[in-house]
Amino acid sequence: MQQLLHRGAAVTQHGEEALDASWDDLKLFLACAKYKSFRNAAEELGLTSTTLMRRIDRLEESIGCKLFLRDQSGLTLSDEGTAMIADVAHMERHAFNVFRRASRSSNDTSGTVRVAVTEGPGNFWILPRLIDFQKTYRKITVDLRCAMEQADVARLESDIAIQLEPPTNPDLIVAKLGRLHIYPFVSKEYESLYGVPTTLAELNNHRIIKQSAPQVDDSAYARVLGLKSLEGIVGIKTNSSVGALYAVERGAGIGFLPTVSIALGAPLIAVDLGVSHHADLWLTYHKEFRTSERHKIVIDWLKKIFDPKIYPCFRDEFIHPNALVPMMTAAREGFGLTGYVAATPA
């Protein structure tokens, strides 16, 4: 970066002023490079597009070169921007490491641990068990974020993440927790009113509840069902796992849900169409947290409550939902009487 900032007549005339480029502006540069759009980057950063463009203009003027090629399709890194981005990203990683080290103490068993997880496992699997965890570890606050948007652990968006795709950042530790098996379900009310399809061809007479969200393969529905298109059979589309479960419970249609849903007591009926799908769950955290006692406690606890040897719903091999029910006695521990809070209001 130093070579970039000092090359060229335009840069030289700025002298030492070029070295005063704001670190905040450099972070904005990284965001624009990531999202390839002022509008998208501004939304993510909580800024207006005008403000972001003005800040990038100021940065380009400060270092004496254009960082982006701008056209109607969005932003493309210039040669100078390409040369610069690796150095700025390296600076950012070191900055995050400073804050990460400051946030933990090797012998500290008290404080906050931030955990990001997809909606379904977060709300229906982790949260009920978190109540018992909190009774044991009173000094650890688990900040649980349940959202389909993937948190970037390397950028301090979370301390620990459970996600559907493994990250590739070499600074992160990654471990497979288990596997979610996705299967079609309907409510008892839906079955009594409309019946259930027994073949894929009969799906045209029914409606599907479709989840469209980050980390969800949008093409998987049609591919698993062997259809070219879902046009005409999608009744409700939602970005929420909880919303999809709610809609299925209320009899709105057929939903593709994790088999653990019925194993925990959700009042659903499995629809045997000869198809299923799966998504692996990956635990990831920064290697700096290996020496943090409170983080190690939470990591070990998460591995335990997703252990496929204890909870067969997370095994790699598919187990039919009806067969899971008698196998999941242990999985209900800590959930009260039924182990499941119905989305349907009383």
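What percentage of the 346 residues in the chain is buried? Buried residues make up 45% of the chain in this predicted model.

**View 1. Overview of the chain.** The secondary structure comprises 13 helices and 11 strands. Of the contacts between residues at least 6 apart in sequence, 76% join residues at least 24 apart.

**View 2. Surroundings of Asp316.** Asp316 sits in the loop between helix H12 (293–305) and helix H13 (321–324). Its relative accessibility is 41%, so Asp316 counts as partly exposed. Leaving aside residues up to four places away in sequence, Asp316 touches Lys176, Arg179 and His181. The side chains of Asp316 and Lys176 are joined by a polar contact of 2.9 Å. Ala279, 37 residues from Asp316 in sequence, has its C-alpha 9.8 Å from that of Asp316.

**View 3. Aromatic pairs.** The count of aromatic pairs is 10. The ring centres of Phe133 and Trp301 are 4.6 Å apart and the planes are at 40°, so this pair is tilted. Because Phe133 belongs to helix H7 (residues 119–136) and Trp301 to helix H12, the pair ties together parts 168 residues apart in sequence. Phe133 is buried at 3% relative accessibility, and Trp301 is buried at 13%. Tyr190 and Tyr194 also form a tilted pair, with ring centres 4.9 Å apart and planes at 50°. Both lie in helix H8 (residues 188–194), 4 residues apart, or about one turn of the helix. Tyr190 is buried at 4% relative accessible area, whereas Tyr194 is exposed at 53% relative accessibility.

View 4. Trp125, Phe306, Tyr311 and Phe314 form one aromatic cluster. Arg129 lies over the face of Trp125, 3.9 Å from the ring centre.

Note on methods. Residues are numbered from 1 along each chain as its sequence is written. This is a predicted model: local features need pLDDT of at least 70, side-chain atom pairs count only at pLDDT 80 or more; totals for chains, interfaces and linings use all residues. Side-chain values use heavy atoms; hydrogens and water are left out. Helices (H or I, at least four residues) and strands (E, at least two) are DSSP runs, numbered from the N terminus. Buried means under 20% relative accessible area, exposed over 50%, partly exposed in between (1.4 Å probe, protein chains only). Contact means heavy atoms within 4.5 Å. A polar contact is a pair of N or O atoms within 3.5 Å; within protein, one must be able to donate a hydrogen and the other to accept it, and residues adjacent in sequence count only if both atoms are side-chain atoms. Rings of Phe, Tyr and Trp (its six-membered ring) pair if their centres lie within 6.5 Å; planes under 30 degrees apart count as stacked, over 60 as edge-to-face and the rest as tilted. A charge sits over a ring if NZ of Lys or CZ of Arg is within 6 Å of the ring centre and within 35 degrees of the ring normal.
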